[in-house]
Amino acid sequence: MPDLKDSKSHPEGDRLETTTQLATIGAMVPDLVHKIGTPLNIILANAELLESSVQDERGAARLLAINEQIDRITTILHAFLDLAHPEEPCFGSNSIQQVIEDSLIFASEELEQRAVCVSTSFAPAPAIICDGNRLKDLFTKLFLNAANAMNEEGGGELNIALETCDRDLLIRVKDNGEGIHPNNLPQIFEPFFTTRPSGQGCGLGLVAAQQIAEQHGGTIQVESEVGKGTTFFVRLPLDKPTDSL
Ligand SMILES: Nc1ncnc2c1ncn2[C@@H]1O[C@H](COP(=O)(O)OP(=O)(O)OP(=O)(O)O)[C@@H](O)[C@H]1O
Ligand SMILES: [Mg+2]
């Protein structure tokens with residue numbers, strides 16, 4: 001079995017660099033959001049005003065492009081904000097099976113677009129104390145990544161398995177997508193690392209997923225083979241460490 005990679009397996013220097021990068025982003029974000037958000041709102045308001053006066057198809061297509069790019073900037077800004085200033089977790093008793101099923105609904109549009117065949121296998125597992133919404137974010141990010149890694153022609157398969165293992169819940173998210181090149185594997189948990197086409201990914205999904213797992217005293221690991229697929233292993237303790245409550 002290939003070595004499992006997670007952010008904790010990085011050399012200490014890399015971890016430090018990631019932490020420093022996040023701290024720098026954290027300090028900049030509120031100011032940045034304000035500075036970018038104000039002109040963005042003005043652009044949006046003007047684009048809306050123009051909508052009623054644009055008559056031809058080319059003009060309408062250009063307006064659509066403007067609106068799509070504004071949406072994109074807004075999404076990136078929110079991703080920055082969530083990462084740099086995550087909301088206080090709201091812990092309660094949750095079924096992880098339910099969390100996974102809800103996350104599959106959130107990712108269903110992208111999974112359906114690529115005609116991904118989803119299968120699940122849920123072993124009986126006790127409810128755990130966790131922030132259900134944050135964990136839904138985590139699994140949705142993994143499912144969206146799997147959808148993005150799939151061949152557009154179809155034939156994609158995503159398998160999700162839940163089981164208990166020692167004192168942990170182990171969730172395996174396995175896809176048969178393009179896989180991750182061994183050179184890229186050590187970088188995928190770093191902020192802004194993306195291999196998606198320009199304008200599509202901002203490389204913050206796995207950083208956020210890692211942050212959420214750690215808030216729960218858990219881990220995320222990955223193994224991957226180019227051309228065969230990728231498996232993420234999410235481990236969440238059944239008994240949540242009290243210091244993170
Ligand atoms: N299931 C997967 N299959 C193949 N590559 C993956 C998979 N999951 C992650 N990756 C790789 O890891 C990179 C980082 O993933 P991450 O979710 O952090 O960012 P992203 O998907 O590129 O952008 P976004 O911020 O929109 O999520 C991806 O660009 C891709 O190269
Ligand atoms: Mg992603």
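What follows goes from the overall layout to the helix packing, the core and a few individual residues.

First, some housekeeping: this is a predicted model, where local features need pLDDT of at least 70 and side-chain atom pairs count only at pLDDT 80 or more, while totals for chains, interfaces and linings use all residues. Residues are numbered from 1 along each chain as its sequence is written, and chains are lettered from A and ligands numbered from 1 in the order in which they are written.

Read from the N terminus, the order is α-α-β-α-α-β-β-α-β-β-α-β-β. Of the 245 residues in the chain, 24% are buried. Buried here stands for 20 or more other C-beta atoms within 10 Å of a residue's own, exposed for 12 or fewer, and partly exposed for anything in between, with C-beta atoms placed from the backbone. Two residues are in contact if those backbone-placed C-beta atoms lie within 7 Å. Among contacts with a separation of 6 or more, 76% join residues 24 or more positions apart.

Now find helix 5 (residues 132–149), which packs against helix 3 (residues 96–106) at an angle of about 50°, with the axes 8 Å apart. Axes are lines fitted to C-alpha atoms, for helices over the stretch in contact, and the angles run from 0 to 180 degrees between N-to-C directions. The pair is therefore oblique, given that under 35 degrees is roughly parallel, over 145 roughly antiparallel, 65 to 115 roughly perpendicular and the rest oblique. On the helix 3 side, the residues that meet helix 5 include Val99, Ile100 and Leu104, while Leu135, Phe139 and Phe143 are among those on the helix 5 side. By class, this contact has seven nonpolar, three polar and two charged residues. The classes are simple: Ala, Val, Leu, Ile, Met, Phe, Trp, Tyr, Cys and Pro are nonpolar, Asp, Glu, Lys and Arg are charged, and the others, Gly among them, are polar.

Helix 5 also has helix 6 (205–215) for a partner. Their axes come within 9 Å and cross at roughly 145°. Leu138 and Leu142 in helix 5 are among the residues meeting a helix 6 set that includes Ala209 and Ile212.

So what sits in the middle? The largest nonpolar core holds 37 residues, and Leu142, Phe143, Ala146 and Ile171 touch the most other members. Such a core is a set of buried Ala, Val, Leu, Ile, Met, Phe, Trp, Tyr and Cys residues joined through C-beta atoms within 7 Å. Helix 5 gives the most to this core, with eight residues. Leu142 itself touches Val173, Ala209 and Phe232, leaving aside residues up to four places away in sequence.

Finally, two loops deserve a look. Most residues other than glycine have a negative phi. Ala115, in the loop between helix 4 (108–113) and strand 2 (117–122), has a positive phi near 50°. It counts as partly exposed because it has 13 C-beta neighbours inside 10 Å. Phe192, in the loop between strand 5 and helix 6, also has a positive phi, about 75°. With 12 other C-beta atoms within 10 Å, Phe192 is exposed.

Note on methods: Helices (H or I, at least four residues) and strands (E, at least two) are DSSP runs, numbered from the N terminus.
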